Amino acid sequence: MAFIGSVFSPWYRWSGRRDPDDNVCINVVTYGRGGRWTMTDRGRAALRLTAESFTVGPSCLRWEGERLVIEIDEMSTPHAQPLRGTITVAPTALTDVEVPLTPDGAHVWRPFAPTAGIKVDLNRPGWRWDGHGYLDANFGTRALEADFGYWTWGRFPVGDGSVAFYDAARTDGSQLSVALRFGADGSCAEIEAPPLQRFRRSNWLVRRETRCDAGHAPRQVKAMLDAPFYNRCAVETVIGGERTVGVFEALDLDRFRGPWLMPMLAVRVPRRAGWRFPE
């Protein structure tokens, strides 16, 4: 994940969130044995933007034709191990879809490429593989916890495309429910969402629920990221009669709102404001 205004950074919150360009980062996580975590909060001197590239310190995202090439050169925390390599995302098509997450449009979800191929080549033999992936973004003008108490999101490959679900409880008491099907050609259509069904809570007891056909039950098939306020995992579910495994996340913003969490996050999100590009 690439951030301008690192929404999960304690340094950004402690700054009053006045200057998003002064809290930028590229967050990379690998899972399983020997997995690594990188989320270094950097200052505005580390940020460079062009029409085709987004650079934060030593790492960069750039478009090369119809592919997004992500060059990673980060240090993991807390063990200071290097994480380097390249991730290449090849969308089957780009969409023009924008989904407001609040009625006033203060938060917007932008699924640029819900269906894509991906090639991963990182600095360990087991971290080299090809598969399917996606590219999306969220934009906002207010803090997430100001407008949401809890949300879940999931993206699941189906047929020659994918489906995505966004469900959230807003702090004003209203609910968000988005269910979209994307074709490999970038087409998008609203679909009737299967029932929202709960499955086992995370290790930090974050509530988890996703869409699944009646008569079936979703289940975690691979643990990914587990935090006191956030969970990401691979989930098996059934959508329109098709069994599929996709990426799921649950975000408990009522927990994230608590000040007790920020010192814990500071251990995993170091602040490095003094980056300078070589001239």
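Contact is taken here to mean heavy atoms within 4.5 Å. On this basis, residues 24 or more positions apart account for 49% of the contacts in the chain with a separation of 6 or more. The structure is a predicted model, in which local features need pLDDT of at least 70 and side-chain atom pairs count only at pLDDT 80 or more, whereas totals for chains, interfaces and linings use all residues. Residues are numbered from 1 along each chain as its sequence is written, and side-chain values use heavy atoms, with hydrogens and water left out.

The secondary structure of the chain, with helices (H or I, at least four residues) and strands (E, at least two) read as DSSP runs and numbered from the N terminus, comes to 4 helices and 23 strands. The radius of gyration of the chain is 18 Å, close to the 19 Å that the globule rule gives for 279 residues, so the chain is as compact as a globular protein of that length; the radius is taken over C-alpha atoms, and the rule is 2.2 Å times the number of residues to the power 0.38. Along its principal axes, the C-alpha trace spans about 60 × 40 × 40 Å.

Of the 279 residues, 51% count as buried, where buried means under 20% relative accessible area, exposed means over 50%, and partly exposed covers what lies in between (1.4 Å probe, protein chains only). The accessible surface of the chain comes to about 13600 Å², of which 53% belongs to carbon and sulfur atoms; these areas come from the Shrake-Rupley method with a 1.4 Å probe, and for residues only the protein chains shown count as cover. The chain carries 35 positive and 33 negative side chains, with the centres of the two sets 8 Å apart. In this count Lys and Arg are positive and Asp and Glu negative, while His and the chain ends are not counted, and the place of a charge is taken as NZ of Lys, CZ of Arg, CG of Asp or CD of Glu.

Apart from residues up to four places away in sequence, Leu68 touches Leu61, Arg62, Trp63, Ile87, Thr88, Val89 and Leu135, and its C-alpha atom is separated by 8.4 Å from that of Pro91, 23 residues apart along the chain. Beyond its neighbours within four places in sequence, Ile87 is in contact with residues including Leu68, Val69, Ile70 and Ile118; between Ile87 and Ile70, which are 17 residues apart in sequence, the C-alpha distance is 5.0 Å. In the loop between strand 9 and strand 10 lies Pro78, and the peptide bond from Thr77 to Pro78 is cis, with omega near 5°.

The structure holds 14 aromatic pairs, for which rings of Phe, Tyr and Trp (its six-membered ring) must have centres within 6.5 Å, with planes under 30 degrees apart counting as stacked, over 60 as edge-to-face and the rest as tilted. The rings of Phe8 and Phe256 have their centres 5.7 Å apart and their planes at 85°, so this pair is edge-to-face. Because Phe8 lies in the loop between strand 1 (2-4) and helix 1 (10-14) and Phe256 in helix 3 (residues 253-256), the pair ties together parts that are 248 residues apart in sequence. Phe8 counts as buried at 13% relative accessibility, and Phe256 is buried with a relative accessible area of 1%. A tilted pair is formed by Phe156 and Phe165, at 6.3 Å centre to centre and 50° between the planes; Phe156 is buried at 0% and Phe165 at 2% relative accessibility. Ring pairs also link Phe3, Phe8, Phe229, Tyr230 and Phe256 into a cluster.

Arg17, in the loop between helix 1 and strand 2 (24-26), has a positive phi of about 55° although it is not a glycine, and is partly exposed, with a relative accessible area of 23%. Leu205, in the loop between strand 18 (196-199) and strand 19 (208-211), has a positive phi of about 65° and is not a glycine. The C-alpha atoms of Phe256 and Leu205, 51 residues apart in sequence, are 14 Å apart in space.
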